[in-house]
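Hi,

Here is the structure I said I would pass on.

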Amino acid sequence: MPNLKDYRVPASGKFQLKDADPAATPFASGDRKDQKDELDKLNHTLARLQRALQGEARRSVLLVLQGTDGSGKDGTVRGVFACTSPLGIRVATFKSPSKEELSHDYLWRCHAVVPARGEIGVWNRSHYEDVLVPVVNGWIDDATTRQRYAQINDFERLLVENGTAVVKCMLHISKDEQRSRLQDRIDTPEKRWKFDLADLEVRKRWSDYQQAYENLLNATSTRHAPWYVVPADSKLHRNLMVNTLLNQVLRGMNPQYPVDQPELKGLKVD
């Protein structure tokens, strides 16, 4: 089994995104059937750990999914949480901020959807949109960008110190794979609702966004909340790796059901 640490962005600030192969499949072994069987096992184990986390109701997990258009954020949610009770999962999607959200600081809308104790929260896009789009479009300067990096690190430290494990995954796909997936959205009628003409304009600035990603990964991969770069050209591998990571995090937390409840001793239901 490959080591997840090999895909963790070091806190040294020297990571280069070009060195990460989006087509790699280190967590996928055997044929496709073997991989699907392994994913099913991981799904059931994750569901069991999530139930214990929910029963314990003392800590939580926040999974941050970030990636370019077509990188598979929606598919990751479907593939990783296929067996998990929806009662213990809280999914939030971060689109362009509303008028109300813009009237507050940029982290306001994020803190409002932090997972409660006992929950696994999933952020489909996240607070990192505010150091991607504004940076590439030149809406904020370098000083403001650095300030936001520091504020994000402090925000995540606050979550961790109050019992939320922060798991951050950058779903890394190649430009060719993105082209294929965007074309599939255009060519498949039932997928057209996911396509936005603006995606093509964003795609023209591929290099700028890759640089912005590299910068934020280096600035915000911390000891308390590290980034993992997930090779995601293969959808099945992507789900296997993210699920493996979540399983590892939850096993490390070792959530326990509250069995010591003296008030229940000798209690009989009429």
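Predicted model: local features only at pLDDT ≥ 70, side-chain atom pairs only at ≥ 80, totals over all residues.

Let me start with helix 1 and helix 10, which cross in a left-handed sense (left-handed if the near helix is turned anticlockwise from the far one by less than a right angle, right-handed if clockwise). Local features need pLDDT of at least 70 and side-chain atom pairs count only at pLDDT 80 or more, while totals for chains, interfaces and linings use all residues.

Helix 1 covers residues 32-56, and its axis lies 9 Å from that of helix 10, at an angle of about 30 degrees. Axes here are lines fitted to C-alpha atoms, for helices over the stretch in contact, with angles running from 0 to 180 degrees between N-to-C directions. Helices (H or I, at least four residues) and strands (E, at least two) are DSSP runs, numbered from the N terminus. The two helices are therefore roughly parallel to each other (under 35 degrees is roughly parallel, over 145 roughly antiparallel, 65 to 115 roughly perpendicular, and the rest oblique). Among the residues that meet are Leu39, Leu42, Leu46 and Leu49 of helix 1 and Leu236, Leu240, Asn243 and Leu250 of helix 10, with contact meaning heavy atoms within 4.5 Å. By class, this contact has ten nonpolar, seven polar and four charged residues. In that scheme Ala, Val, Leu, Ile, Met, Phe, Trp, Tyr, Cys and Pro are nonpolar, Asp, Glu, Lys and Arg are charged, and the others, Gly among them, are polar.

Helix 10 (residues 235-253) also packs against helix 2 (residues 73-80): their axes come within 9 Å and cross at roughly 60 degrees. That makes helix 2 oblique to helix 10, and the crossing is right-handed. Gly75, Thr76, Gly79 and Val80 from helix 2 touch Arg238, Asn239, Val242, Asn243 and Leu246 from helix 10. The class count is three nonpolar, five polar and one charged.

Next, helix 6 and helix 9. Their axes come within 10 Å and cross at roughly 50 degrees, in a right-handed crossing. Tyr149, Ile152, Asn153 and Glu156 make the contact on the helix 6 side, and Asn215, Leu216, Ala219 and Thr220 on the helix 9 side. Asn153 is buried, with a relative accessible area of 12% (buried is under 20%, exposed over 50%, partly exposed in between, using a 1.4 Å probe and protein chains only). Leaving out residues up to four places away in sequence, Asn153 touches Ala219, Thr220, Thr222 and His224.

So where is the largest nonpolar core, and which residues have the most contacts inside it? The core has 31 residues, and Trp123, Leu216, Leu217, Trp227 and Val229 have the most contacts within it. A nonpolar core here is a set of buried Ala, Val, Leu, Ile, Met, Phe, Trp, Tyr and Cys residues joined through side-chain atoms within 4.5 Å. Elements giving two or more residues include strand 1 (60-67), helix 6 (142-161) and strand 5 (227-231), but helix 9 gives the most, with five. Val229 touches, among others, Tyr7, Phe15, Met170, Leu217 and Met241. A second, separate core of 27 residues includes Phe27, Leu49, Tyr228 and Met253.

Cheers

Technical notes. Residues numbered from 1 in each chain as written. Heavy atoms only, no water.
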